[in-house]
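Thanks for asking me to look this one over.

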There are 2 protein chains.
Amino acid sequence: MEDPLEAYRDRFVGADTDLVYFDGNSLGRPLKVTADRLRDFVVEEWGGRLIRGWDERWFDLPLTLGDEIGRVCLGAGPGQVVVADSTTVLLYKLMRAAVAARPGRTEIVIDRDNFPTDRYVADGVARECGLTLRWVEVDRSAGLTAELVADAVSERTALVVASHVAYRSAWLADMPAITRVAHDAGALVLWDECHSAGSVPVRLDEAGVDLAVGCTYKYLNGGPGSPAWVYVAERHLDSMTQPIQGWMGNVDPFLMGPTYTPTAGIRRFISGTPAVVGMLAVADMVALVDEVGIDAVRAKSVGLTEHAIALADEQLAEHGVTVASPRSAEQRGGHVTLHHPDMARVVAALWERDVIPDYRDPGGLRVGLSPLSTSYDEVDRGIAAVRELLA
Amino acid sequence: MEDPLEAYRDRFVGADTDLVYFDGNSLGRPLKVTADRLRDFVVEEWGGRLIRGWDERWFDLPLTLGDEIGRVCLGAGPGQVVVADSTTVLLYKLMRAAVAARPGRTEIVIDRDNFPTDRYVADGVARECGLTLRWVEVDRSAGLTAELVADAVSERTALVVASHVAYRSAWLADMPAITRVAHDAGALVLWDECHSAGSVPVRLDEAGVDLAVGCTYKYLNGGPGSPAWVYVAERHLDSMTQPIQGWMGNVDPFLMGPTYTPTAGIRRFISGTPAVVGMLAVADMVALVDEVGIDAVRAKSVGLTEHAIALADEQLAEHGVTVASPRSAEQRGGHVTLHHPDMARVVAALWERDVIPDYRDPGGLRVGLSPLSTSYDEVDRGIAAVRELLA
């Protein structure tokens, strides 16, 4: 396969090994530049500047990196994205903020196939705030649609919570349409972009999204447990507050005054001391996505998933494997899920052979295709290994 | 001054420069071994093991590192400490858990000199849970005492929140006595150990503490924004839950089932994906404190603070400087605060000369003395610089 982005693969650690890595959608490979970046940071910036680093760069890093993620990956204008906490903690803050912003409304709409943490947080927030979860049942072959959301929302809906790319099937939701449906009911909408940021172009401002959140360790290659990011549309920034009132979100963190007053802008969604070391790798990857361009990244992503689907049809269908992801690229994110009743055992055997996808119940092998670090040859070898195991 | 621990100073980045660093109590210096640790982690563990790293080591790292921090620094038996989030987020989780565990009680007791984030979180939790804050007024020359707490607690008290070492004055609270007073009133107690962990020996189990929290970037040298730790006494682990229900605290994170059920043990206080990279430097420093022994670390800490106070008396008192920290070592943590009406300007001028303390209103210069990375000679040069500026 022709691959105009092939050369970028050399920028990643371990891309020259025989490993077939199909799990960049769970944990992206590190960039080579990141290894030295972290060592140099310890010696020069942390060790050399010490506490002065806060004034010089670190204090604003969650905002400056947030702006970069917003510009390069999210279609978000400046001042609306900040890096902080984990996806789970940010989901909690956003859901609490949204519920408080829609007083009197009694329901949160969420689909049963949404990522567990989204559902667990929604369940907890609903319980503590006296709301009810209204579950949307999703047909896994079609995913969450605007029609399903339209059937669920009403004048009772405070918030709709949805994933842009479904973690199991890679179904790519119609963000503008679902956002519109939520707004038509007077509800707010919160998008989980964990499986899209850095892989699928996102247009938060254009779609009129209220709130969004995403991690940075998948397609933004921030490393295990790197901090998450949160987006709050500018129109909400004055009025929305979150419940974890920490010094870093106060109007002047170093004033250390008697009472908490949320600072202006997106910084109010920060609580404690930002995870500076955890942001360094993210910044490296966002710079690379910027260099390549998110549309070119998406084009390769589509190429890789189409190739994987074609190979699955050619080589695996006869062994009982079905493609559980959408066949239309417009409805598909960056991974492809292959179903087989025996897939749990197949995945375990693949790991033994240095072919590393992940497994999601029931019977799903996820072929995660991180566009800049995955080669077409890797897809060939990986699918061939699945075929050999099933044969 | 004789210093049996002098040789350990060479283990830290930048200890061989002329910089006088009096802010290890805000951000500790990195260990030299940490620089290579982070680079090697990127290349070998993250880059080499990729997603497999979760099963192999990272998933348990918050617990294994928590146990080590507990054993080496906190006097806490295994299974009660976990590394997660930030101090602020963990304070929120703990206060919410404590309030839920004392239904019908209507007050949180906290002193006005407690660190801002502790007060801000308490204010937010009290408001959202319908409780009242009962403020303890502290005499800054004496700090928070068991008597003051005894006057404040009652059958209305759900929780007492206190700092073991006061961030301004370094007042070392009597943890066992205050814990007893809280318990006598039927209340729970939450200790903030940010300014003690790694410097002052802490005996959480022995003192019968219920809950504790601390950061890792001060005396545990974890780097800017490294994750925090939380302690929940074993007797509370079955019954206490926290409100941020994430997949990593679920009974089986990878089952991805329909509902959240908190897992057994301290892991239920985790919400999202743990910050693995942020824990590596902490592990290095905890290993060093273990090698030296926390009592030897404390002995040097006492030596350094006594030296700083003696020099302040000899050289600075005549210029109007007063010692705002307790003169008795038993009542003093790891730093010494010096007061002068002009201290804000003095601190700014010191920074120009590569003498780096920090400043806390009103008029306080904090001489932070990280025991293993600070030399007596550094104290001599730093105090001499203050004298020159005031003369």
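Predicted model: local features only at pLDDT ≥ 70, side-chain atom pairs only at ≥ 80, totals over all residues.

1. For orientation, here is how the chain is divided. Domain 1 of chain A is made of two segments, 6-30 and 293-390, while domain 2 of chain A covers 37-289. Taken over C-alpha atoms, the centres of domain 1 and domain 2 of chain A lie 27 Å apart.

2. How many salt bridges cross the interface of domain 1 and domain 2 of chain A? The rule finds 1 salt bridge there. A:Asp295 also deserves a look in your viewer: A:Asp295 forms a salt bridge with A:Arg203, with 3.6 Å between the closest N and O atoms. Polar contacts across the interface of domain 1 and domain 2 of chain A come to 14 residue pairs, both residues being at pLDDT 80 or more.

3. Now to the contact between the chains. Chain A and chain B bury about 5,900 Å² between them, with 68% of it given by carbon and sulfur atoms. Three residues stand out here: A:Trp46, A:Tyr120 and A:Met256 supply 13% of the area that chain A buries against chain B, more than any other three residues. Each chain brings 73 residues to the contact.

4. The polar side of the chain contact can be set out briefly. There are 4 salt bridges between chain A and chain B. B:Arg52 forms a salt bridge with A:Asp354, and their closest N and O atoms are 3.3 Å apart. The rule also finds 24 residue pairs in polar contact across the interface of chain A and chain B, both residues at pLDDT 80 or more.

5. Several helices of chain A take part in this contact. Helix H1 (32-49), helix H2 (52-56), helix H4 (87-101), helix H5 (116-129) and helix H9 (276-292) of chain A each supply at least two residues of the side that touches chain B. H1(A) gives the most to that side, with 10 residues. The side of chain A that touches chain B divides into 38 nonpolar, 20 polar and 15 charged residues.

6. How are the copies related? Chain A is superposed on chain B by a rotation of 180° with 0.0 Å of shift along the axis, at an RMSD of 0.0 Å. The two copies are therefore related as by a two-fold rotation axis. The same surface serves both copies, since 100% of the contact residues of chain A recur in chain B. Of the residues of chain A, A:Arg39 comes closest to the rotation axis, its C-alpha being at 2.6 Å.

7. The side chains of B:Arg37 and B:Asp284 meet in a salt bridge, at 2.6 Å from N to O. This pair links distant parts of the chain, B:Arg37 being in helix H1 (residues 32-49) and B:Asp284 in helix H9 (residues 276-292) of chain B, 247 residues apart. Over all chains, the count comes to 56 salt bridges.

8. Finally, some backbone details to check. Most residues other than glycine have a negative phi, and most peptide bonds are trans. A cis peptide bond joins A:Asp361 and A:Pro362, with omega about -10°. A:Pro362 is found in the loop between strand S12 (358-360) and strand S13 (364-368) of chain A. In chain B, the peptide bond from B:Asp361 to B:Pro362 is cis, with omega near -10°. A:Ala170 has a positive phi, near 70°, and lies in the loop between strand S5 (157-163) and helix H7 (175-184) of chain A.

Methods:
Residues numbered from 1 in each chain as written. Chains lettered and ligands numbered in written order. Heavy atoms only, no water. Contact = heavy atoms within 4.5 Å. Buried area = accessible area lost by both parts, 1.4 Å probe. Polar contact = N/O pair within 3.5 Å; in protein donor to acceptor, adjacent residues only side chain to side chain. Helix = DSSP H or I, 4+ residues; strand = E, 2+ residues; numbered from the N terminus. Nonpolar A, V, L, I, M, F, W, Y, C, P; charged D, E, K, R; others polar. Least-squares fit on C-alpha atoms with pLDDT ≥ 70 in both. Domains from an automatic or database assignment.
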